[in-house]
Amino acid sequence: MAEILYNLAAEILKSLGSLAAEEVGSIYGLADELHKFSTTVSSIQAVLIDAEEQQGSSNQLKDWIARLKKVFFEADDLLDDVATEVEHRKLFNKVGIFFSKLNPVIFNRKISYRLKAIRRDLDVIAKDRASLNLVERRQQPLLPEPYSTTLAQCVYNDEIIKKNFDKALWVCVSDVFEVKMIAEKIIESGGGKKDNYLQLDAVQKELRKMLEGKYLLVLADVWNEDPLRWSNLKNMLTGGAKGSKILVTTRSDVVAEVSGRKEIVKKCGGVPLAIRLVGSLLLLKRTEDEWMYFRNQDLSNITQGGNDLTAILRLSYHYLPRHLKICFVYCSLFSKDSEIQRFDLVDMWIAQGFIQSSNSNRDNVEDVANSYFVDLLRRSFFQELFMQFHKMHDLIHDLAKQVADSEFFSIIKAKDTKIVPDQTLHASCLFKIDGSLTFPNSFYRKHMKLRTFIYLNDSPGSVMSNSNLARMISSFSRLRVLHLGQLDIVFLPQSLGGLKHLRYLSISSNSIVTLPNTITKLHNLQILKLFSCSILQNLPRDIWRLVSLRHLACQWCDSITHIPPGIFQLTSLMHLEFDHCTALKDMPPGIGQLTSLRTLPSFIVGKESCISGQASDRLNELNGLVDLRNSLTIKFMGPSDLMMLETLQPNQNIKGLGIKNYSGSTFPSWLMDENLGFLLPKLVHLCIEDCHKIQKLPQLWKLPFLQSLALRNLNGLYGYDDKFMEPSKNPTDERYYFSSLKQLELQRISEKILKQILCPPPHHPSPLRNLKKLTLVSVERLATMPEDVFKNLTSLQSLSIRSCGDLVYLPPCLIHLTSLETLSIEFCPDLDLSNEEGMQFQVPGNLSTLTLFRLDKLMLLPLWLRHFLTSLKAIYIM
């Protein structure tokens, strides 16, 4: 792919700049060589955009691009070697200059020889470009705001505005459209105090004072499409003098009605995928003329002679920005229908250097990478399955395969290891590996420059022999990404420490007892993920040497008993995960040192800390982590009381929150506050588990963006506060009863609580209208589902009922679940499914998977299943 060359040139130039800042050139005696090299790379980069657009025009240009790519990758590896050596010597020489000219010169000579060879090859390539007639063009810098926002800034700053309006106010709304929060931002924009208003009426009173006179208000980058929320905001903005204006910028629904739209839809043949892709392209067209040109030229050229869906897909790829093309093509390594975990993919992109960040700040790189993913999602190159899991439509996956060249290869069968192209840099293994498999020598010999190897077959019993793994690691010394998911490995060889370019390492093995000490030599390692390594006993003692580590995940590692204190020296760490590590009973003090931390889904407060009174101090450390906004779960291993949790005040921007094993009878004031939706406005995931003495639930339905809620083992719970049963004084509260909730799990709670949540009072309209997944486990005294439960759940796709021993009957309201795709009922011994009364389905069903497990009264399949004969794909009965 020529698209990667421009970005690669930019990375090389950035690396050269960093080395120059360290005065590495003068220390190695290579300052002149590095300067000349930088000049040559810069001059070649100037013609790469033109080369990319003309790459299909001649074989001579294709050959030039292939040669250039080879040299650029060699240069990238060389500069990475130098930067790694610099970091290594810094780490072990804390005094004075990090290394001296008097140090052994063997490494220096090797570097000098490699650099001169690369520059010699590059000079030849630079001379050859003259015969290609390439034009110099520079890429426009990435702008953080959309075109419409830039235009709005010009209007906002114009002198005419200052003359004609008493006040000009600017508020960036982004994706969180919370009325009270926007109102507070408007007040602050106008010079008002940044007070923490708890009551909406206090905010509204202050806002109306601010809007006296003639004002211009700009609401920038708005995504909300809910008319009800717009109405609530407009009601607050009443007032102001005649001639006041509100200007809104958005990247959604940029064009409302344009003539020719129906014709464009017709040209897509009515195919939903094609319509979505073309629609995403039209969002980038800002005028009616652009729409007309697209319809009459671009679209007409590919639909002459019929609706060619493949050509439409290629057109959507053609219009992708350069930085997104390589990220999309990387997805060709995954198999069709595979679930892609968003953050795994984003981490791989970062590891490969695909991300064009405006600076070297790690926060910036990760945020930019996430924006890439969101951009591809909005353009319909991904489909959201649930939460952070996505997939690619089969036709989109085919497109990725078509546009990828020989640099990307998926090994589908064992014999394919013999036909992997010599040019392959990124490889995935999709077939099941067993312990007897031996890769051919040619596979190792021909692909020593491999940058990605990911194992993506999740079949049980996959095993890689020690000799194969050792050979692979010693051969593929230039790997950036090594993903060995669901692959049983007995031990990792010491040669792992030689992968000095490695940025991403993921291991999932039930047989690994320890990690090699040499793993701490991986100074470039950014991501270390250990999944289901059930007998892994400890992490490396010298883990502090992994100076680039920003993501450490240990999940389902049941034998890890302690965390090495050196972890808290990893100041680059942004994500620290110890989920389901059952033997881990405490975490050492010092978490407050990780000032970059964003994610902490398992913070364990040990028994001794609880008893000694140190728990409050431990929790108070968390308050200093100002970036802790992704997720936080507190798990108590000893007696805990209200004062401990009162110490904690989660970041207002927190997205995930969990409280486990809390032994108090009341939640802290910050969680029981009536204005919970304003205190935690961005909360998406909430889990409350094993809090056996808790009596009342917070007003969770007020959380505007809550998507996932799990309430488990709350034995002492007897319901919501009595105020829940009464109409609210604030009508906004009643309109949004769990308005964003998609997943709900209720485990070991009473039937009363279930009814309160699923069947709220009538002053809470449209309850759970967006719920897609409902899981009920061990609900006490549940004989039948309440009649009104299913009537509102028209979006429900998955229903799971387990271990409800008193359940005897499913009501006919099941017929209202028109979106249901998966139904699972397990361990309900008294449930009788044969009752047909009221089971009169009015619309076609979508049920595709049915699981019936340990239902003692099940003698025959219920007759109402006949309604799903055309949709059912799998039935599991035991």
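Student: Which residues touch the most other members of the largest nonpolar core?

Tutor: Leu552, Leu576 and Phe578 do, in a core of 141 residues. A nonpolar core here is a set of buried Ala, Val, Leu, Ile, Met, Phe, Trp, Tyr and Cys residues joined through side-chain atoms within 4.5 Å. Buried means under 20% relative accessible area, exposed over 50%, and partly exposed in between, with a 1.4 Å probe and protein chains only. One caution: this is a predicted model, where local features need pLDDT of at least 70, side-chain atom pairs count only at pLDDT 80 or more, and totals for chains, interfaces and linings use all residues. Residues are numbered from 1 along each chain as its sequence is written, and side-chain values use heavy atoms, leaving out hydrogens and water.

Student: What is Leu576 in contact with, leaving aside neighbours within four places in sequence?

Tutor: Its partners include Leu552, Ile567, Met587, Ile591 and Pro601. Contact means heavy atoms within 4.5 Å. There is also a second, separate core of 81 residues, with Ile326 and Phe373 among them.

Student: Switching topic. How many disulfides does the structure hold?

Tutor: It holds 0. The cut-off is a pair of cysteine sulfur atoms within 2.5 Å. For Cys327, the nearest cysteine sulfur is that of Cys331, 7.8 Å away. Cys533 is in no disulfide either; the sulfur of Cys557 is the nearest, at 4.8 Å.

Student: Is Cys533 buried or exposed?

Tutor: Buried, at 1% relative accessibility. Cys327 counts as buried too, at 0%.

Student: Now charges. How many salt bridges are there?

Tutor: The count comes to 39. The rule is a side-chain nitrogen of Lys or Arg within 4 Å of a carboxyl oxygen of Asp or Glu.

Student: Which parts does the Asp344 and Lys529 pair tie together?

Tutor: Asp344 lies in helix α17 (residues 342-351) and Lys529 in strand β12 (residues 527-531), so the bridge joins parts 185 residues apart in sequence. The N to O distance is 2.3 Å. Asp344 is buried at 18%, and Lys529 is buried at 2%. Helices (H or I, at least four residues) and strands (E, at least two) are DSSP runs numbered from the N terminus.

Student: What about Lys14 and Glu11, where do they lie?

Tutor: Both are in helix α1 (residues 3-21), 3 residues apart, about one turn of the helix. Lys14 is partly exposed at 36%, and Glu11 is partly exposed at 22%.
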